[in-house]
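Visitor: I have a model open and would like to go through parts of it. Can you take my questions as they come?

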Amino acid sequence: MTARFPVARPRRLRRTAPIRRMMAGTRLHPAELVLPMFVKEGIDEPSPIGSMPGVFQHTRDSLRKAACEAAEAGVGGLILFGVPETKDARGSAADDPDGIVQRAVADLVSEVGDALVVMTDTCLDEFTDHGHCGVLTPAGEVDNDATLERYAAAAVSQARAGSQVIAPSGMMDGQVGAIRAALDAEGFEQVPILSYSVKYASAFYGPFREAAECAPRFGDRNAYQQDAAGPLGEALREVRLDLDEGADAVIVKPALAYLDILRQVRDTVDVPVAAYQVSGEYAMIEAAAANGWIDRDRAIMESLVAIRRAGADMILTYWATEVARRLV
Ligand code: PBG
């Protein structure tokens with residue numbers, strides 16, 4: 001008889017639900033979830049986003065309501081994207097004091113600004129008629145340094161409207177430094193910058209471009225966002241530059257296809273690291289579940305646990321409110 005073997009029985013720690021719960025090495029908490037939200041100018045009813053079932057382009061009213069629900073569920077923060085009525089080549093609406101983002105941020109801060117963190121995405125693609133994240137040279141390339149001035153103006157305008165964290169997502173070189181200097185000069189030294197330091201040119205942004213109405217009219221974003229197969233040190237270099245320029249925390253985006261990068265960043269820096277579970281990651285699970293091909297709720301939790309385990313201190317996810325409710 002070999003009754004004494006095996007000696008090691010890892011299954012002992014998995015046998016019952018209470019023991020699995022007690023032994024868990026990865027936990028999710030509502031406070032580390034951030035809900036991305038869309039607000040659209042000039043609509044009377046919230047407008048469903050076809051490729052993101054359950055996600056809406058909000059009116060200012062429905063935005064407030066959804067923000068309250070997130071706050072009640074204990075979600076840690078919101079990040080706001082605006083869809084303006086009029087777009088032009090320089091994205092003028094981005095720093096319009098009466099722009100949709102500015103108005104909606106003021107609404108959110110007065111409604112839920114003490115319960116959670118109200119953040120704004122700072123970029124130009126939602127505001128430009130060509131859909132690129134910056135202003136263009138006559139040759140049609142994104143002009144890095146001219147764009148920095150636009151980002152600085154947009155960030156200051158968002159801070160003035162009450163935004164509690166500025167999150168630049170355009171991947172221009174020097175954007176964090178330019179925004180930090182402008183915020184400081186205008187008296188917003190206390191407003192943190194959560195930088196999208198590591199952002200890949202990803203097919204997984206597809207549904208977002210419907211949500212934010214910001215698909216580029218020509219070309220793509222490959223000359224400013226990172227290449228999935230790019231240099232292996234690139235992510236850490238981007239992070240280091242952003243921290244040198246004054247970033248307070250950083251984002252890795254997308255999440256699931258870049259868990260290795262997330263882990264690298266987490267192991268390298270001493271600031272909080274967020275991961276963005278992007279629109280395509282959301283859409284894939286929702287679509288497969290709608291077909292009955294996967295268990296939706298389990299797939300959502302498994303994906304979030306994976307992102308957390310890979311090192312995310314915070315997770316931006318369109319399921320934030322739902323998952324926060326499930327966690328209590
Ligand atoms: C750019 C921006 C994008 C996303 C967040 N900020 C789109 C892009 O780079 O094309 C994508 C988010 C998502 O897919 O959920 N302002």
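**Salt bridges, a strand and some rings**

Guide: A network of salt bridges links R60, D61, R64, D107 and E111. Bear in mind that this is a predicted model.

Visitor: Which residue does D107 meet in a salt bridge, and at what N to O distance?

Guide: The D107 side chain meets that of R64, at 3.5 Å from N to O. The two belong to distant parts of the chain, with D107 in helix α3 and R64 in helix α2, 43 residues apart.

Visitor: Is D107 buried or exposed?

Guide: D107 counts as buried because its relative accessibility is 8%, under the 20% limit. R64, at 24%, counts as partly exposed.

Visitor: How many salt bridges turn up in the whole structure?

Guide: The search finds 20. One of them joins R263 and D267, with the closest N and O atoms 2.9 Å apart.

Visitor: How far apart are R263 and D267 along helix α8?

Guide: They are four residues apart in helix α8, so about one helical turn separates them. R263 is partly exposed at 33% relative accessibility, and D267 is exposed at 54%.

Visitor: And what does E286 pair with?

Guide: E286 forms a salt bridge with R296, 2.9 Å from N to O. This pair also links distant parts of the chain: E286 is in helix α9 and R296 in helix α10, ten residues apart. E286 is buried at 9%, whereas R296 is partly exposed at 22%.

Visitor: Change of topic. How many residues of strand β8 are buried?

Guide: Five of its five residues, 249–253, are buried. A249, I251 and K253 lie on one side, V250 and V252 on the other, and both faces are covered. In a regular strand, side chains alternate between the two faces of the sheet.

Visitor: Which strands are joined to β8 by bridges?

Guide: β7 is joined to β8 by four bridges, and the two run parallel; L194 stands opposite A249. β9 also runs parallel to β8, with three bridges between them, and V250 has V273 as its bridge partner there.

Visitor: What does helix α8 make with β8 and β9?

Guide: Together they make a right-handed β-α-β unit.

Visitor: Back to K253. Which rings does it lie over?

Guide: K253 lies over the face of Y205, 4.7 Å from the ring centre. Its charged end also sits over the ring of F208, at 5.9 Å from the centre.

Visitor: Which cluster includes F208?

Guide: Ring pairs link F208 into a cluster with F38, F81, Y196, Y276, Y282, Y318 and W319.

How values were computed: Residues are numbered from 1 along each chain as its sequence is written. This is a predicted model: local features need pLDDT of at least 70, side-chain atom pairs count only at pLDDT 80 or more; totals for chains, interfaces and linings use all residues. Side-chain values use heavy atoms; hydrogens and water are left out. Rings of Phe, Tyr and Trp (its six-membered ring) pair if their centres lie within 6.5 Å; planes under 30 degrees apart count as stacked, over 60 as edge-to-face and the rest as tilted. A charge sits over a ring if NZ of Lys or CZ of Arg is within 6 Å of the ring centre and within 35 degrees of the ring normal. Buried means under 20% relative accessible area, exposed over 50%, partly exposed in between (1.4 Å probe, protein chains only). Two strands pair if DSSP finds at least two bridges between them. A crossover is right-handed if, with the strands pointing away from the viewer, the path from the first strand over the helix to the second runs clockwise. A salt bridge is a side-chain nitrogen of Lys or Arg within 4 Å of a carboxyl oxygen of Asp or Glu.
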